[in-house]
Structure formats: structure tokens, C-alpha cells
Amino acid sequence: MHRPSDGGDSVYMIGSSGGSQLQDILRTAAQPQEAIVSFQKQHGLGENTTASLQLLDLLGCRRSETHKNLLNALIENLLERIQSKHTSEAQLLKLLEATFPYLEYKEIRCVPIAIMAAQSTTPQLYLQEMCDPDHRHLLEHLPMHVKRRLWNIAPQELRLEVDRVVGQYIEHKRQLFSEIQSPYDAYTISTQQQSLSPEDRRKQDPWLATLVEMIGDSSELYLQVIDILRSIAASGSLPGHGSTLDSPKEYVYLASFLGTLRSDIANAQRDNATPLVRTDPLHKFLWFIDHAIKTQHIDQSQLTDILLVIRKLRLRDAKPSANAAASVPPPPKETLFKLIDQMTKSDSRHIFAEPVGEDVPNYLTIITQPMDLFTLRQNVQQSKYWTLDAFANDVGLIWTNCMTYNEEGTIYYKEAKRLEKLSTNWIDKARTTLEAERAPPCLLASAGAITGAQANDTEKTGMIYEGECDPLLADIAIILSDPIVKRLLHQQLWTQLRSTDTRQVFPTDDFMCRGLVQLLHVGNIGSVRRMVRKQDYLLRSPPVLVLRLCLPLFLRIQLSNQHPQLNASAIFSVPDGWKVVWSNGSCLKTLGRHFFVTMLYENHPSIALSILKTISLASEKDDAWVRDPIFLHGVVSALMHTMIKSKKETKALITHLFDSIWLPQVRLDNGKSFIDTEDNLVIPLIHLQTQMARLLASWATQLGTNPDDKQQLITFAQTALEGMTSDTITLSNLWQNSTFSSIQSGAAKSSFEYVMSISQFYILSSRGDTILSNDFRGDIASDSSETFFRKVKFWEKGDAPPAFHVDGVNYLYVKKNGLYFVATTRFNVSPAYILELLTRLCRVFKDYCGVLSEETLRKNFILCYELLDETLDYGFAQDTSTEGLKVHVHNEAILVGEAALAKEQKFNSMMNRHSNIKAANAVRKPVANGQQTTKKSENELFCDILERLNVVFSSSGQMLNASIEGKIQMKSYLQGNPELRLALNEDLVIGSGSSRPFGNTYSQVILDDCNFHECVQLDEFERGRVLTFTPPDGEFTVMNYRLTGEFRSPFKIFPYVEEVSPTKIEMVVKVRADMPDTNYGANVIIRFPVPASTLAVSCDLGNNGTGQLAEFRENENQVRWAIKRFNGTAEFTLRTKITLKEYNPHVRREIGPISMNFEIPMYNVSTLQVRYLRIPEHARHPNYVYKRWLRYVTQSNSYVCRV
């Protein structure tokens, strides 16, 4: 992509002309090799590097690796300069102009992106260039704040991104209904089911988090996203679901999730306390709804608040239809005479009482239509005014004639002006009164009709009279269509309906019933399309059929259920009522469906069966019974719930449901499965098929093994399977398609083969480069490593978790020495199993290569792939022990030189800062294999005693809970693999029967329990605490042990909190090292959270602050205190002054706890000691020389002090 420069030459915006130049040279060159060398000299490295390159050639370094390493170093140096605070905006702009053309190249793409990220503003020229269709793929690499700049100037790009996220959001919700226990079961009304709070549900939604991150704190973007959601709801199609919707009505069922998203976007701003809390024009309405969902209750005052928000949107009464306007009677003469009397009384000078005389010069010439109050009264007597508007026109004519004939400022002009204003107000009041009296009744109460004037009093009637509203009514409809909101409204309606009997109130007269029915009627996503497209924002009153027919019908069923002496079957013997329910509007059908599910959960399957039989009375079938995923999931969940208590009745209900509704529709859609143009598998009635599979599986386990039941179940299953196949789609195609991944994962739970399988394994460097990879199953895209690295690198808060899910793929990884060891799978595997497998693979690579680093793995890639082939077979773990693999692995490791090891050690210290254990270089040697041993190799033995502390202190420094997790770890490089003897403390006691004296570091060591490696022999352990073993190859753990109870903790923490003023707090943290002055703690980190309402924090380390750093990390809302070296017996103090935004009486609860991380070399708390480690005399040659290395390391695991 290029643009012409001022000189006429082409300047490339994105891309370089180097490739085309080289093609032209090679096309015309007589000597191509010489042309290439000449081109390299002209455009490559300078001539002063020739000698260096020749020297590297002699050393065996490849030119490509040299150029690559040099490029990486230059990029790293340039990135540091870009991110420096001393780089000005002008310099950044100049750099961007020079580097922007190379954005297309993956190797140096990070440079222009880093420049745009560092700029305060990016010129529109560059942002617009990336919006070009040829370069849109580059947008995914931009940081979010740069994308927001681009969206501000290119709304079409925002629409594309929002469409993508909304499509994934709906698909995410859609997949939840394939699970056995969906957290989004909108029709579950059982009080025993524990559901997530609205805040937790929003936090666990990945696509909602993506959309909130896109918006950031930009109110403009927020409002644009709201407009986009409204336009999607009105479009009649869903992003990413065009070909997968086999019925237009299915759009209505899935589009209801837009209501969930519309609410969640606004409420997420409140959860995160962002500046956009009040940006939404409906923020109060959304808060009322969210509060009701949180409490699962709506009382009369809350319902009134919700209705009043909607009433404020009401602009005017609805316009009457043409027939209604033609049948309006003329205004009463009494009303018109009353108006004339008011005007006559106000005309105190009698200027307008009589017609103007003929003696007035030129009056009839200027005024063509004379009018006065006397003539007006005569017209009323003669019934000449059929409308109030005609009367008002003649009244206006009186004042207009006067002001036309007389000059402004005269007494006549002033009187006409005054009376014109008065008469207009009187006529408007009369019109309002007449319209209120003539308004049709909004509904029929038990006592008679309610007029429009009465209905508009929301505080008394519990409803809003129909009328034209603000366009925000469309957003109200979207929010109320949210399945979670509808579940709550239905639940409250049935609760209110059940109580009408005890309160002796008819449903039509009940405040709550009216309001809830109107909200349910408004919450229809299908009406949004009509509102937006026709600009017809009409609010309807509560449907009369619902209040007068539907609710009383359900109430009679409830009463007959509560009073067995009543005949419930008589209610179903009269079909007219049910015919109206299933044939008139979506609101009645929705209420009927929900009542059906309610009867199931209340364990009345016979009533539910009677309701089900009435569906055939409707003239047209209700598609929701076969296409609505929310309702279908609710029905199946309710049937599975009822099946446990009433098996016989439930069986009859399920049979009728399959025979009369589900299977007939499946037969109609048989053979309609196909593959669309985007290679998506489109299966008709996919939601119905999934829920039928759930129900049949539950039937097989709940209804016993009766032969008749088995045959019926097989018949249903065969019919359902035949409905999913076609001429081109077989059952095998269906099973392998990702559409049924959730069913496959369900099958995996009963099959060990699937649970233990992974699909891919790869090792990535810290830059995201793939070092090793192996695709075992071929069911995951080959670019999944890019997806993984992008997710991990740009995780929203902190480090990415060790296991996460993206687009149907499970990613699990461990990070060692700056390298990512990753496994991917589509199956529902055990995370602990995969993480343990990855940890063992790390150990195997380390044992055979000597050290885990990018260079050693690249140099030994043949050996590494051989190890992979032996450890994993088609994704299944085989043998992960170093000793067991020796028989099968025949390649030898390539040793890394000492200089390279020093470089790697420095690199690993940067990439793995949290690990402070550094082994000697000798530990980096690979396991001796074959003839790899040389004359210079030494017999060495490394032994580490590692202890991790778990301690909880009270605010006074008292130890509340304490334990030690320790292990003795060893790695052997002894030739001949001789037998070893390891002796521990002679007074070592196993078992916590005796109490441990506190503070005595030389008392006997009492361990709660311990376990040993399989190679350890315990013949002498009970007698002399001596372990005898033959060490296996590689690193292994000789012994694990655990100790609980009081012990001498290496550090004591003493917090003190004082409230200086209502908005200021001073916190003092004193830390003392209770260990000998010969020891020290390395890289000590102390953290504690501060209140959420913190405005500012200042830290004071006093005079003794050398080697310390205290800072407030606002993004983590915590104070971090780092001490590089903490000597024994030393004491340090940190004073923190916290300023709050506002007074909080519970602020002390939000401070703390204080956590501490540290590492103490050559020190162990348990006092477990190694008395000796040696080879027995009988197993060692007199000239056999070996070295032994022993270390003690103590680390914090969970070291916490309460405040």
C-alpha cells in the first residue's frame, strides 16, 4: 500500500519496496549471484562488519542466526528508547514515520506498535491506513488504548469488532445449554438451587470482560456500543449466526441474550466503579432491575420505582385510529358556552362582544372573515362546531383580526394579545378533560372499566396508560427481554398469584399483577424491531386477555391443587380458555409455557400433562416448544427434577411430549443438515436434539431397565438421530464436528481414553517463538500457539492462570526458566493430571539436556523430539521417568559451553525473577548417556533440603497456625551409580504424639509424617535414622516431610493502624528477623491491600531505607515493600499514610492481611540436619573420588499476618 510523495515517487505506507526491487534486479541480471551479493552490500550490514561475520563463520555460527540475534538486540534497544520518558512526541512521530511501512513484517512489527502505544495521540493518517481491508488483520496486534483511538475516527471498525464479540457472546451463552447443569438456566425456580450472584456471573463472562475492556473509560464508545446493540436487535439477524438459524423465529429466542448483554455492560461499570456509572441514560432503571435480581424479590415500592422510570419516557397519548377519529362525537355545547362566558367576562372593555360596525373605515376591506363573541355564541347554538379544533379556529380569528387591523401598541392590540393567551389555556384544559372522558377503558377490573385518567395514576393502579414514548423505550424492551429478568418477573407473578386467594383479591385488581404483566408484555425483543424500523415507540397497557382470562385460569388450577375436593379436570375439559392462551400473542404463550414448567417443579406432572394436551387446540403451533433453547433447557431440567419423585406420571408426560410435539417436527426436518459456505455444520433443531439427548440419557438411568421402556427409548433415539442426518451428513460427520464438543466432553467423563488425552504439545520462548511442537490429534488449529501466547501476554489482571478456555480449546501450561510448556485439548481433562504431566516433561528435558533454556533445547531438538515420541503416544502419557527412558533414547545431548551457560543464567534470572534458587553449573550437566562421559567429567552429588513455610499471625504477633512442607532433593552424577547412605538427626521423631518445645532450635525434630522415594531402603531408618538407596538417573526427591505446630518463625510482623481523621489512616508495619545474624533473607517482598476508596498513599521508610523500596500500586490496590537483603536480628519499619475519598466506618476491615515472601539460604526452621552423605566402604573403590554439595533453603509459601 503506498501513497505518492511530494516528489512524485511512491512512498509505502505499509510494506516495503525491497522485494519488488530485488525481483527487478534478478529478472534483468546476467549474473544473478553477483547481483544478490551487490544488493546485500548495498542494503545489508555495513562493510565494517565483514571481519566480524568472517570470524563468526569460522566459529561455526550460521549467518541467519547471527542476523536474527543482531536484529533482536537492535529491536530490544530501540524498544527501551521508545519507552523511555525522555523520548519526546516529535521523536516518536519521526520514528513512526520511518517504521510504519514495516508493520506488515512479523519480526519488527513490535516497533511501530510500541511507538503508537507510547504516543499520546496517533495521526489519523496511520490509523486510517490500518482500516484498509488489506491490512485489517494488523488491528488485532494493537494495544487496546490505540484501538480506541482508531474506533473514535472509524466507527465502522468498532461495529465490526462489536459484532464479533456479540457473536461470540451469544455463542458462549448458546453452548451453556448443551451442558448438563447450565449456570444460565433461566427457567429454574427451585429455591434449593444455588446460583451465582449477578456480580460473580459478570466476572466469569470472558466476552463481557472483552467488551468492557474495549469501552474503557470512554463515554463516547459506551454510547456507540449501546447504539450498536440496539441496531443489532432491530436488524433481525445475529452476528456470526446467519447460516446457523434454521428458522426466522430462532433469532427472537437467541436475541434475548442481547438483553443480558445490555444490562451487564452497564452493571459492570458499577461493579468496577468506573467513571461511566451514570453515562447510561437508563442507569437508574438498570440498578433497580439488578438489585431485584440480586435479592430475588420485588415488592410494591420497587415495582413502582421501575414503572415510574418507564412513565417518564411517555410523551403523549397514542394517536387514535382513523375509524376511532371519525366516530368521535362533537364537543358538548355546555363546554363551549362555558368557554365563551369566560372570554366575555375577561373582555371588560367589551371590545369583542359585538360585530365591528360598518362605520369603521376600510375594516371589511382588510378583514375578510370577521368574528366576534356574539357570532361565536350563535354558531354554538346552531351546532356548527363538530370538533373543538373548529371552535378554537374561530376563537383565534377574533384576536387575529384585531391585531391585523390595529397597530401594535394600541389598547385594542394589547387586549387581543391578552385574551388570545387566556383563551388558548382554557381551550387546552377543556380538550384534556374531553379526551380523558372519551378515552377507552385500558382494562376491565372486577368492579368495571378503568378510564385512561385513572390508569395513568401509576402509584395507585400499578400500570402505565398506553401512549407514545421516547426512543429509549426500545432499550427498556431489550433489557426486559433478558431471560434472567423474565425469570424473576414470572417468579414474582406466580408468587403474587398464589397469595391472591388469602388476600381475597382478584388478579385484575391487584397492583403487583398489573405491573408485572405490563413489564412482561413490554419485554419482547420482537417489538424492538418494529419500534426502531418504523420509529413507532408505542407503550401498550397490560393485556386484558392476560388479566381477565389467563391469570384467573392459572389461579383456578392452583386452587384446585390446594383443595383436592375441587375438580381440576373440569378446568381442562372446557377448551375455549386454553385455545385463547395458545393462539393470542407471545405474552400469553410465554405465561402458559412458564406455568407448565412451574407445575413440573412443584411436582404436579398430571397437571402439566393436561396443559400439554391443550397445545393441539391452537390454530398455529408454538415454535418455542421445538426451537427456544432457554425454554427447552428449562423443560428438560424440570422433567429430570420431577422424574426422581414421580416416575410413572413423568414417563407418561415425556412420552406425550415426544410423540405429539418433538418427534413430528424432527421428521419434518429430516435430511436438512448441510455444510454452509463457511464450512459450518448446520443441523436443524440443534437445541431440541441436544435437549432430547439429555432427557433420554436421564431416562435410561432413572426409569429402570423395563424392556418396554428400553424399546421405547431406543425408538425415540433412532428417530432423533435420523432427523440429524442427510445425504451428505453422516453420524460420523456429526460426532467429529465441533458443534457436539460439549456432548463429546460429556462422553469423555465415562471413558478413560478421552480424559487422559491431549491434542497438542509445544514449548514457547519468552518472545512467543515455537521451539518444539507436536500435534497428536489434528483437531485443533495449527495457530493455537499464537492464540495462547497473545492471551497469556495480555492477560487483563496479573499473570494468566495455569488453565483457561478459549473458543472451545482448553489451554494448560507451566512456566519454567522463561519457557512455556503448553498442552491443548478439546476434551474435559483433569487439569491436575495435565499440569503434573507437563511438570514431569520439564524434568525429563532438564535431565537429558542438562538445563532448561532456549539454546539447549534448540541445539538438542533431535533428542527432544525423541523424548516426546517416547513419553507421549497420540496424546496419551507413556513413561515419564528418566531411568525408564534410558532404554529407548539413543541420541546424545550436545553440551552447552560455559560462556553460553553464563549468558543463559543471566537471561533466566531476568525471566524467572520469582525463583531465587540458583544451582551450581555442574548441576546443569545432562544425564550421562552412552559414551557421553569424558575424562574431564567429575563425580558429583548434589543434595538440597528445601522447606516452605505456612504461617498465620494475629495482629499482636501471636502465631495462630503454622506448618512446614519440606523435602530432600538430590541429583547424582556418580559414575557406576554406587549405593549411597544418608544419615539424618539421631533424635528425629516421626509422629506428632509429643509436643515440640517452642524456641529451642536444638531440641529433637518431630515430624508429623513423611514419605520416601521408591528406591529408598528403610532397614536402618528406625534404628539409626539412616537411609540407604541407589540413586536413579536425573533429579529426584528422596524424602517429603511435614511438620505442624509452633516453631521459631524467621520473621515476626507487628502491624499498627490508627485513624488520624475520618479520611486519613496511618498504618505502621514493623518486621523483625528472629534468626542468627549470620543468616539473611533474600528478596523479601511484603504486601498488603488498602481500602477500595483509597485516593492516595505515601510511604516512609525512615532513615534506614537503603536497599528498600516501598510503593503503592494503584492497579493492584496494594502497597508493596521490597527489601533486597534482610539480615538476621535486624528490624525494619514502614509508615504508610492512606488518604480516603470518603469516610468509611468499616475501613479497618478492608486493610490487610499482610503477606510476606522471602527466601533464606543455608537455613532451615525445622532443624532437620544431614549428619553425613557418603558411599559405603564396601561399595567404593579406594581410589574413587567424588564431591558432595549440600544446601539448606527456606522459602515462604503462605506467610500472613492479620491486621
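**Figure 1. Strand β17 and its two partner strands.** Strand β35 (residues 1187-1201) runs parallel to β17, and 14 bridges join the two. Strands here are DSSP runs of E with at least two residues, helices are runs of H or I with at least four residues, and both are numbered from the N terminus. Two strands count as paired if DSSP finds at least two bridges between them. The model is predicted: local features need pLDDT of at least 70, side-chain atom pairs count only at pLDDT 80 or more, and totals for chains, interfaces and linings use all residues. Residues are numbered from 1 along each chain as its sequence is written, and side-chain values use heavy atoms, with hydrogens and water left out. V952 has V1200 of β35 as its bridge partner. With strand β18 (residues 959-973), β17 pairs in the antiparallel sense over 14 bridges, and D944 stands opposite Q969 of β18. The hairpin of β17 and β18 has five residues between the strands, and G957 takes a positive phi near 95° there. Strand β17 (residues 940-953) is mostly covered, with 13 of its 14 residues buried. A residue is buried at under 20% relative accessible area, exposed at over 50%, and partly exposed in between (1.4 Å probe, protein chains only).

**Figure 2. The open sheet of nine strands.** The strands follow the order β22-β25-β18-β17-β35-β33-β28-β31-β30, and their pairing is mixed. At the edges stand β22 (1009-1012) and β30 (1108-1113), each of which pairs on one side only. From one strand to the next, the twist averages 10°; axes are lines fitted to C-alpha atoms, for helices over the stretch in contact, and angles run from 0 to 180 degrees between N-to-C directions. Strand β25 (residues 1035-1044) pairs with β22 in the antiparallel sense over four bridges. Within this pairing, N1011 has N1040 of β25 as its bridge partner.

**Figure 3. The open sheet of four strands.** The order is β26-β27-β32-β29, and the pairing is antiparallel. Because β26 (1051-1061) and β29 stand at the edges with a single partner strand each, one side of each is left without a neighbour in the sheet. Neighbouring strands are turned by 20° against each other on average, direction ignored. Strands β26 and β27 run antiparallel and are joined by 10 bridges, with K1052 opposite R1072 of β27.

**Figure 4. The two faces of strand β32.** In a regular strand the side chains alternate between the two faces of the sheet. In strand β32 (residues 1131-1140), F1132, L1134, T1136, I1138 and L1140 form a covered face, whereas E1131, T1133, R1135, K1137 and T1139 form an uncovered one. Strand β27 (residues 1064-1073) is joined to β32 by nine bridges and runs antiparallel to it; V1068 stands opposite R1135 of β32. Strand β29 (residues 1094-1100) is likewise antiparallel to β32, with six bridges. The bridge partner of A1096 in β32 is T1139.

Figure 5. The 17 residues of helix α35 (residues 629-645) should span 24 Å at 1.5 Å a residue, and its end C-alpha atoms are 25 Å apart, which agrees. The expected span of a helix is 1.5 Å times one less than its number of residues. Of the 17 residues of α35, 14 are buried, so the helix is largely enclosed by the rest of the structure. At its start, a side-chain oxygen of D628 reaches to within 3.1 Å of the backbone nitrogen of I630.

**Figure 6. The surroundings of E854.** E854 lies in helix α44 (residues 854-859). The residue is buried, with a relative accessible area of 14%. Its side chain makes a polar contact with the side chain of R767 (2.9 Å). A polar contact is a pair of N or O atoms within 3.5 Å; within protein, one must be able to donate a hydrogen and the other to accept it, and residues adjacent in sequence count only if both atoms are side-chain atoms.

**Figure 7. Two cysteines, C110 and C513.** C110 counts as partly exposed at 33% relative accessibility, whereas C513 counts as buried at 0%. A search of the whole structure finds zero disulfides, a disulfide being a pair of cysteine sulfur atoms within 2.5 Å.
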